[in-house]
Amino acid sequence: MKHLLGLSDVSAAEIRQILDLTAEMKTLIKRDNKKDSRLIGKSVVNLFYENSTRTRLSFELAGKYLGADVANIAASSSSVSKGESLIDTVKTIDAMRADVIVMRHQNSGAAKIVSENVAASVINAGDGMNEHPTQALLDMFTILESKGRIEGLKVAIVGDIAHSRVARSNIYGLTKMGASVSLAAPATLIPTGIEKLAQLPGSCAVYTDVEEALVGADVVMGLRIQRERLKAALFPSLGEYAKCFGINDGRLRLAKPDAILLHPAPMNRGVEITTSVADGAQSLIESQVTNGVAVRMAVLEMLAG
């Protein structure tokens, strides 16, 4: 692999390889001395055109834990604010001999364009409403860690499907690994034909009744209502959404008794998920954060090691 732009063009075998390496990386970050020398002499640049806490920090820590030199660039405080184009920015970074560019951008396809214009490896940390591959990989690793398998599981994804790059990457990845995916949202938040992203025929279904989607689920994943991307009133109100689609204790009980709860965060508590569920015994949201560092270490090692 030269780049990681999305899971649409990553094979099941490559996903397994990343998940296997993630397990090794997690043992490393559990140590008191987390420092490793695998990427000594390598440079990683985090280029973020959108705000981020978890993803940017986890990539920064991942690089540093592996011994790489890591630099962070926020578009708001760079020459982008002076009118510099995306291509000129990344060519400048490339001319400084960066080995890896980790990039988040508000436009779908931006990471692919960058990969075609630089010698460095490019990791897509989220591009518009397209993909967020490392989030889906950490979700899959969390499922694998808890359930021991992905194949044959039912994963219910509930929330703002239309604007979610996390949902798209998870549909690609989970169905390649043999899981079935149920998507639930108001009809206005479900893109036409999104179930066709599934890599196995019939492995993705769409529901506008959240309770129907949750029945018998092994994994329940909530998605944030992305207010910053909503351009129109796609549902009556946040309160109405919470009432009809929010994941609460009663709805979670429709899933299997040993079902786990995931959320990519940040959460709108009281909207797409209640506090009692988010902080409950079935929630693995904090484990996802830890696993995010391990997954990003694995991807950096694969591309630059």
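**Helix α6**

I began with helix α6 in this predicted model, and found it mostly covered, with twelve of its twelve residues buried. I wrote down the buried residues of α6: R165, V166, A167, R168, S169, N170, I171, Y172, G173, L174, T175 and K176. Then I checked the length of α6, which runs over residues 165–176. From first C-alpha to last, α6 reaches 17 Å, close to the 16 Å expected at 1.5 Å a residue.

**Helix α5**

Next I turned to helix α5, residues 133–147. Its 15 residues should span 21 Å at 1.5 Å a residue, and the end C-alpha atoms are 21 Å apart, which agrees. How many of the residues of α5 are buried? I got eleven of the 15, so α5 is largely enclosed by the rest of the structure. The buried residues of α5 are P133, T134, Q135, A136, L137, L138, D139, M140, F141, T142 and I143.

Just after α5 I came to G148, which takes a positive phi of about 80°. G148 turned up again when I listed the contacts of I143, leaving aside neighbours within four places in sequence. I143 is in contact with G148, R149, I150, L153, V155, L174, V219, I260 and L262.

**How α5 meets α11**

I then looked at the packing of α5 against α11, and noted an angle of about 115° with the axes 8 Å apart. The crossing of α5 past α11 is right-handed. On the α5 side, I have T134, Q135, L137, L138, D139, F141, T142 and E145 making the contact. On the α11 side, I have S287, Q288, N291, G292, V295, R296 and V299.

**Cores and domains**

Which residues have the most contacts inside the largest nonpolar core? I found L137, M140, I143 and M297, in a core of 88 residues. Helix α11, residues 285–304, gives the largest share of this core, with ten residues. Both domain 1 (7–132 + 289–304) and domain 2 (134–285) give residues to this core, so it lies between them. Apart from this core I noted another, of 17 residues, among them L86, V90, M103 and V114.

I followed up on the two domains. Their centres, taken over C-alpha atoms, are separated by 25 Å. At the contact between them, I counted 33 residues of domain 1 and 26 residues of domain 2.

I compared notes on two serines. Is S121 buried or exposed? S121 lies in strand β4, residues 121–127, and counts as buried because its relative accessibility is 5%. Not counting residues up to four places away in sequence, I found S121 touching K2, H3, D99, V100, I101 and L303.

S77 sits in the loop between β2 (69–74) and α3 (86–95). With 63% relative accessibility, S77 counts as exposed, the cut-off being over 50%.

**The loop between α3 and β3**

In this loop I looked up M96 and R97. M96 counts as exposed at 66% relative accessibility, and R97 is exposed too, with a relative accessible area of 65%. For M96 I took a distance to T274: 47 Å in space, C-alpha to C-alpha, and 178 residues apart in sequence.

My last stop was the loop between β9 (260–262) and α10 (275–278), where I found P266. Where is A265? It is also in the loop between β9 and α10. The peptide bond from A265 to P266 is cis, with omega near 0°. I also noted the phi of A265, which is near 60°, a positive value in a residue other than glycine.

How values were computed: Residues numbered from 1 in each chain as written. Predicted model: local features only at pLDDT ≥ 70, side-chain atom pairs only at ≥ 80, totals over all residues. Heavy atoms only, no water. Core = buried A, V, L, I, M, F, W, Y, C linked by side-chain atoms within 4.5 Å. Buried < 20%, exposed > 50% of the residue type's maximum accessible area, 1.4 Å probe, protein only. Helix = DSSP H or I, 4+ residues; strand = E, 2+ residues; numbered from the N terminus. Domains from an automatic or database assignment. Contact = heavy atoms within 4.5 Å. Expected span 1.5 Å × (residues − 1). Axes fitted to C-alpha atoms, helices over the stretch in contact; angles between N-to-C directions. Left-handed = near helix turned anticlockwise from the far one by under 90°.
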